[in-house]
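Hello,

Here is the structure I promised to pass on to you. Have a look at it, and then read on for what turned up inside.

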Amino acid sequence: ISGEGGGTGVSYCDSVSSIGCPCGNPGAPGEGCANGTGSGAKMRASGAASVKSSSLSLSTVGLIPGQPGLYFQGNNAVSGGQGILFGDGVRCAGGGVIRLQVRFAGDDGTSQTTADIAAVGGVSPGDIKRYQLWYRDSPGASNFSDAVAVTFE
């Protein structure tokens, strides 16, 4: 998996490095496929990637204000990090998927987890987990952020 560093974890599977966007809706580099805002959603991990500290948080920008999104964890990078087409986006995290938390985007199009990611995800030291946000784009449509891979201590 190749991706952009920054913060905790490594970004991968953006609209440029993935299989491509299903609706001719590419986002900018570092974003998922474009949504109703004209941009794609971008996820980042922050805090310590430590099972003991419980401080890992996931945040996403570029969302549709007021719409729900499901933060989820997977064990692998789907199709070697290229992802698969799903809805209006690309699903990139898979295998043993665990639903972590549903969060609604604020008026500024951002959301952030408040759950203990390591505890809810059943993470052990040395695990590499992949994270993504599946969110409502418009009525009847869904999309995905880019993905983040995190190695836990």
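Below are some notes on its cavity and its nonpolar cores.

First, the ground rules. This is a predicted model, in which local features need pLDDT of at least 70 and side-chain atom pairs count only at pLDDT 80 or more, while totals for chains, interfaces and linings use all residues. Residues are numbered from 1 along each chain as its sequence is written, and side-chain values use heavy atoms, leaving out hydrogens and water.

The structure holds one cavity of 30 Å³ or more (on a 1 Å grid over the protein atoms alone, a set of points where a 1.4 Å probe fits but cannot get out; lining residues have an atom within 4 Å of a point). The volume of the largest cavity is about 40 Å³, counted as the space filled by probe spheres set on the points, which are joined across faces, edges and corners. Among its lining residues are Leu63, Gln67, Arg103 and Tyr135. The strand β11 gives the most to this lining, with three residues (strands are DSSP runs of E, at least two residues, numbered from the N terminus).

Of its 19 residues, Met43, Leu58, Tyr131, Val150 and Phe152 touch the most other members. Its largest share, three residues, comes from β11. Apart from it lies another core of twelve residues, including Tyr12 and Phe72.

Best wishes

Methods: 1 Å grid on protein atoms, 1.4 Å probe; cavity = no way out; pocket = protein on both sides within 12 Å on 5 of 7 lines; lining within 4 Å. Helix = DSSP H or I, 4+ residues; strand = E, 2+ residues; numbered from the N terminus. Core = buried A, V, L, I, M, F, W, Y, C linked by side-chain atoms within 4.5 Å. Buried < 20%, exposed > 50% of the residue type's maximum accessible area, 1.4 Å probe, protein only.
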